[in-house]
Amino acid sequence: MKNTASPRRSWWQGIVFRSLAAVGIVTFLLGGLSSVAIRQTVADQMHLQAIERLGELLDTVESTASVACFASDEQLAREVALGLLRNREVQRVVIFVGGKELARAERATAIVSDPAQAPVRRTLNSPFKKDEAVGEIQLDADWDAIFLHVEKNGRLAILLLMAQLVLVIVGTGGMVFMVVVRPIKATSDRLHRLDATSGKQLRTPDGHEHTEIGRLVDDINELTGRLVTTLNQERELRRQQEIDQRKYYDLFDNASSGIFVADATGRLISWNPAFVALTWLPNPDQVTGDTPRQLADARWANVDQVAALLRCSLAKHAPCGDDLLLKGNRGDDRWLHMAITPLGDGSVQGTITDVTTRKREEISARRLAITDSLTGFANREGLLQEFLEFDLATDQRFALVMIDLDGFKKINDSLGFPVGDKLLLEVAVRIRTAGQPSDFLARIGGDEFVMVLEGEEREELVTPRIAALAEHLAEPYGLEHGQTTALSLSASLGVAFCPRDGSDIPQLLRSAELALNSARQTNSHYYQFFDPTLQTAVEHRRRIEDDLRQAVASQDLYLVFQPIVDIHAGRLVGAEALLRWQHAERGFVSPDVFIPLAEQIGLIGEIGLRVLDQACAQVATWRQGGLDIYVSVNVSGRQIPDELTPEMVVATLQRRGVPPLAIAIEITEGVLMDNVAVAQRWIESLRSAGLRIYLDDFGTGYSSLSYLKRFPMDTVKVDKSFIRDMNADNNDRTLVDAIITMARSLGLKVVAEGIEESSQLDLLREMGCGYGQGYLFSRPIPAADFVVTAARINAELAAWHDTAILSR
Amino acid sequence: MRAFISLLILFLALPLSAAAADLVLIANPKAGIAHLTQDDVTNIYLGRYRRLTSGVTAEPIDLPNESEFKARFYRQLVSKSLPEINAYWSRLIFAGKTQPPQLAGSAEEAVRMVARRPGALAYVERPHADARVVVVFELAN
């Protein structure tokens with residue numbers, strides 16, 4: 001650091017001169033004032049002193065003067081006056097006696113200089129009587145002489161003062177110079193020679209270690225110390241910056257990712273080698289002139305994506321990224337992920353990474369996710385995705401054909417899934433060959449296929465193709481399975497048209513499935529087109545389902561009871577509990593309708609349990625009222641064994657306080673068939689608990705005698721269809737007779753259902769049928785009416801019994 | 001024996017004489033004055049003026065310094081000691097023109113002088129004042 005030449009300073013700008021000037025001015029001002037004051041004081045003092053001296057002078061002559069006055073002796077008075085005049089300060093002396101002048105003496109040159117200066121007078125008393133005035137002496141001072149003296153004294157005093165002031169000025173100046181100016185000058189000179197950056201310290205002038213100058217030097221030293229520290233820090237920072245920058249450039253140059261900076265229009269400002277390598281843009285050294293370098297210059301498959309990224313990032317002021325496809329020269333396309341971050345000044349910074357591998361894996365995974373691995377068709381997801389962006393506005397028309405293989409499950413279960421897979425592959429081949437290249441094929445479930453026939457919109461045009469396909473699929477399949485097996489299976493097809501039957505794939509699938517179910521049920525065709533009535537039927541069913549759920553919840557379901565009578569004894573012994581549903585809008589709904597529904601939708605368990613509970617409650621009430629009868633309750637096959645376990649039955653009986661004999665369980669043959677062992681265990685449990693088991697609707701199903709032997713029943717109920725058609729001599733009568741006979745031989749009781757006429761009753765009685773129920777006795781009636789009806793029946797039976805006995 | 005009696009008489013006489021011997025100022029009957037004030041006596045004896053009210057020039061007569069009466073007179077008149085009176089007169093005699101009173105040799109001579117001169121005045125003990133003179137002033141003790 002160079003010393004800057006300090007501007008030359010004149011001597012009158014120095015501290016010494018300034019302080020001297022200040023001191024001088026003050027001193028001379030004070031001196032002047034003091035001089036005047038001193039002069040005045042001295043004059044006053046001299047005057048007083050003069051008067052005092054004159055008084056003293058008078059004292060010395062007073063007694064003599066009084067003697068002269070007492071004796072009026074002019075001679076003596078004159079002597080006294082002359083004596084006084086000998087003093088230089090006395091100008092004139094006059095002695096009076098009784099107002100007259102006794103003696104007078106004065107100087108010849110006397111001039112009364114100041115008339116204002118009064119003479120000194122003294123009254124003279126008698127020497128013998130102190131209080132008696134005998135005369136007066138008057139003395140005039142010689143003021144000129146006195147003032148001359150005063151002037152001399154005053155001048156001396158002022159001179160002395162001036163001399164003192166000069167000494168003070170000289171002393172102050174010297175002191176300021178020695179104590180202040182010289183050390184400052186010395187420090188200043190040293191400071192000029194000092195190189196502060198070298199860390200050198202300024203020396204404190206001798207003797208100033210504790211003065212303000214010493215502190216100033218300390219402060220300067222501290223300041224230079226800080227300066228040095230700051231300089232060192234600055235130097236260190238710059239060095240660190242250089243290192244960082246070098247690191248950054250290394251990073252930039254060696255990064256595997258492409259890095260670039262571009263302006264808002266996509267013009268490249270800087271980039272690294274990886275960027276060039278990844279984008280196949282010409283290298284900077286190969287570029288001649290000022291060839292514009294644009295981000296868009298690379299061979300992007302869709303250059304708009306790049307522009308969109310730029311816009312996105314600049315508009316949001318946030319990083320935006322996307323995967324971009326770059327077209328290669330020899331078909332070696334490349335996926336690049338580009339992330340663009342705005343730099344805040346309108347330009348952007350971006351990175352590019354090669355994501356080709358990941359992208360290909362993604363595409364492959366996506367393809368796998370939507371493909372059925374067995375057939376190579378699309379799966380359900382693939383079907384949905386394919387038509388995801390399907391839009392009615394595109395006016396696209398097609399037919400969706402759903403194909404379901406009937407009986408495939410059985411084949412798969414019995415022959416194993418490898419055979420099933422082979423079968424499916426063969427089916428797929430047949431479907432493919434039946435289709436056109438534009439058709440979209442999918443397998444959406446185990447044995448469910450879908451064909452989308454592009455452009456088809458009319459049933460009559462599609463029908464031949466569908467029919468042909470159905471026939472083709474129904475042809476036998478020859479499969480290698482140990483030995484060659486020929487397998488037959490039929491396929492059901494449902495067809496729905498877009499947009500007529502649905503505006504999107506899920507809706508079309510539902511429509512096609514409805515048509516397919518319809519096709520399967522009718523059995524007349526293998527295929528069916530969607531019909532809106534199918535939809536209506538489905539919806540009707542769904543509504544009933546909803547209502548049933550609500551009915552169970554709101555207890556719109558209730559029990560009615562149909563009496564059962566002992567034919568031989570001629571009295572009422574029990575009642576069958578029957579479930580009724582009085583729908584608020586629909587009115588009476590048949591159990592034939594709602595019981596299967598309840599079974600399908602899983603409500604049967606809850607309903608069955610409630611039926612049992614209400615029947616128990618009712619029979620308990622009756623038995624308390626003296627009506628000693630039992631109630632039989634129908635149990636659906638779906639309730640066995642888990643929805644109504646023997647434990648649940650027993651618990652209900654106990655809760656209602658009903659003995660087991662008061663409840664009979666009615667089951668149908670179908671229950672026994674489904675799972676023999678389970679049904680057997682269930683029946684045995686209940687019987688061992690004391691309940692009786694009735695076999696309902698006997699004669700309508702298999703009516704296998706072996707079942708009757710295998711299952712421990714108590715009673716068989718003969719179906720009302722036999723009773724109704726039973727005449728004096730026909731097959732039905734024979735059948736009923738046989739059943740009764742057989743039952744009796746097996747030790748089972750028989751209940752005849754549907755007795756409507758007394759002739760039937762007579763016949764049955766003849767055949768030895770033990771019990772009966774039917775309209776002849778009573779329709780099913782509400783519990784409230786039962787007691788009255790029971791009384792009527794008993795009365796009627798008694799009458800009839802009597803006539804029957806009599807008729808015999 | 002005679003000495004003893006003399007002493008005894010002296011002792012007896014002294015207090016008697018002291019007590020009885022008042023000083024009085026006497027004048028010639030012809031002076032024409034019957035009475036003088038103390039100031040008159042002071043002014044006349046200390047030289048202030050010498051003219052009596054009757055127009056006669058006063059001639060004060062003093063006794064010698066040794067005289068016991070002189071000291072008593074001045075003490076009783078102006079409360080001054082003889083040296084003070086002498087110092088007073090010395091200033092006037094030395095530098096002025098005023099003259100001190102005439103000096104008589106003794107009280108008897110003084111009485112004679114008064115009897116002889118009309119303006120003369122003298123101080124004596126009352127017993128000395130005989131028919132030739134009149135008492136014009138009595139000095140208080």
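User: What makes 62% the figure for contacts that join residues at least 24 apart in chain A?

Analyst: A contact means heavy atoms within 4.5 Å. Take the contacts in chain A between residues at least 6 apart in sequence, and 62% of them join residues at least 24 apart. This is a predicted model, where local features need pLDDT of at least 70, side-chain atom pairs count only at pLDDT 80 or more, and totals for chains, interfaces and linings use all residues. Residues are numbered from 1 along each chain as written, chains are lettered from A and ligands numbered from 1 in the order written, and side-chain values use heavy atoms, leaving out hydrogens and water.

User: Why is chain A called more spread out than a compact globule?

Analyst: The globule rule is 2.2 Å times the number of residues to the power 0.38, and the radius of gyration is taken over C-alpha atoms. For 808 residues the rule gives 28 Å, but chain A comes out at 72 Å, well over that, so it's more spread out than a compact globule. Its C-alpha atoms fill a box of roughly 225 × 100 × 50 Å along the principal axes.

User: Why is Ile667(A) called buried?

Analyst: Buried means under 20% relative accessible area, exposed over 50%, partly exposed in between (1.4 Å probe, protein chains only). Ile667(A) has 0%, so it counts as buried. Residues that touch Ile667(A) include Val635(A), Trp682(A) and Met713(A).

User: How far from Ile667(A) is Ile640(A), in sequence and in space?

Analyst: They're 27 residues apart in sequence and 9.9 Å apart in space, C-alpha to C-alpha. Ile640(A) also touches Ile667(A).

Note on methods
Lists of a residue's contacts leave out its neighbours within four places in sequence.
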